[in-house]
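Q: I would like to learn how to read a model feature by feature. Where should we begin?

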Amino acid sequence: METSTSQVWVIIVVLGICTYLIRLSFMGLIGDRPLPEWLLRMLRYTPVAVLPAVVAPMLLGSGAHSGDALRIGAALATLVVGLTTRNVLWAIATGFGLFFGMGALLG
């Protein structure tokens with residue numbers, strides 16, 4: 001099944017509008033009210049939960065490059081730096097640096 005360029009743009013625009021409406025409804029409904037403490041506590045863990053969800057398919061998926069030594073090594077280094085420094089930005093910087101740096105040296 002061939003997808004035309006116009007179909008792709010329609011999908012992008014519709015998904016953009018839906019994303020905007022979801023965020024607007026959330027901010028519009030409770031944007032001016034203080035959030036409960038339990039919800040604020042849960043929201044602090046959102047970035048920590050999203051990062052593994054983004055990285056896991058690249059490591060464990062069935063793609064051509066999933067599970068190769070470079071990706072797994074960068075992921076392990078990211079995990080070690082994240083656990084030792086407790087800093088998400090340092091962990092991400094380490095993972096990107098190793099992945100792209102070693103990829104440039106090996107490739």
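This is a predicted model: local features need pLDDT of at least 70, side-chain atom pairs count only at pLDDT 80 or more; totals for chains, interfaces and linings use all residues.

Q: How much space lies in the largest pocket?

A: The figure is about 850 Å³.

Q: Which helices supply at least two residues each to the lining of the largest pocket?

A: Three helices do: α3 (46–60), α4 (69–85) and α5. The most comes from α3, which gives nine residues.

Q: What does the lining of the largest pocket look like by class?

A: Sort the lining residues into nonpolar, polar and charged. Here 18 are nonpolar, four are polar and two are charged.

Q: Let us turn to α4. How far apart are its end C-alpha atoms, and what span should its residues give?

A: Compare an expected span with the one in the model. The expected span takes 1.5 Å times one less than the number of residues. For the 17 residues of α4 that should give 24 Å, and the end C-alpha atoms are 24 Å apart, so the two agree.

Q: Which residues of α4 are buried?

A: Buried means under 20% relative accessible area. In α4, Arg-71, Ala-74, Ala-77, Thr-78 and Val-81 are buried. Look down the axis of α4: its buried residues fall within an arc of 130°, so they line one face of the helix.

Q: What lies in the loop between α4 and α5?

A: Arg-86 is found in that loop. Check its backbone: phi of Arg-86 is near 55°, a positive value in a residue other than glycine. Then check its surface: Arg-86 counts as exposed, at 69% relative accessibility.

Q: Now the rings. How is a pair of aromatic rings described?

A: Two values describe such a pair: the distance of the centres and the angle of the planes.

Q: How many aromatic pairs does the structure hold?

A: It holds two aromatic pairs. One is formed by Phe-96 and Phe-100, with 6.0 Å centre to centre and 25° between the planes. Planes under 30 degrees apart count as stacked, and the pair of Phe-96 and Phe-100 is stacked.

Q: Why are Phe-96 and Phe-100 separated by about one helical turn?

A: Look at the spacing along the helix. Phe-96 and Phe-100 are about one helical turn apart because they sit four residues apart in helix α5 (residues 88–106). Exposed means over 50% relative accessible area. Phe-96 counts as exposed at 51%, and Phe-100 counts as exposed at 52%.

Q: What kind of pair do Phe-99 and Phe-100 form?

A: Their ring centres are 5.2 Å apart and their planes lie at 75°, so the pair is edge-to-face. Phe-99 is partly exposed, with a relative accessible area of 23%. Ring pairs link Phe-96, Phe-99 and Phe-100 into a cluster.

Q: Where is Leu-106 placed, and is this residue buried or exposed?

A: Leu-106 is in helix α5. Its relative accessible area is 64%, so Leu-106 is exposed. For a distance, take Trp-90, 16 residues from Leu-106 along the chain: their C-alpha atoms are separated by 23 Å.

Q: Which helix holds Leu-21?

A: Leu-21 is in helix α1 (residues 5–30). Its relative accessible area is 47%, so Leu-21 is partly exposed. The C-alpha atoms of Leu-21 and Val-88 are separated by 29 Å, with the two residues 67 apart along the chain.

Note on methods. Residues are numbered from 1 along each chain as its sequence is written. Side-chain values use heavy atoms; hydrogens and water are left out. Rings of Phe, Tyr and Trp (its six-membered ring) pair if their centres lie within 6.5 Å; planes under 30 degrees apart count as stacked, over 60 as edge-to-face and the rest as tilted. Buried means under 20% relative accessible area, exposed over 50%, partly exposed in between (1.4 Å probe, protein chains only). On a 1 Å grid over the protein atoms alone, a cavity is a set of points where a 1.4 Å probe fits but cannot get out, and a pocket is an open set with protein on both sides within 12 Å along at least five of seven lines; lining residues have an atom within 4 Å of a point. Grid points are joined across faces, edges and corners, and a volume is the space filled by probe spheres set on the points. Ala, Val, Leu, Ile, Met, Phe, Trp, Tyr, Cys and Pro count as nonpolar, Asp, Glu, Lys and Arg as charged, and the others, Gly among them, as polar. The arc is that of the directions from the helix axis to the C-beta atoms.
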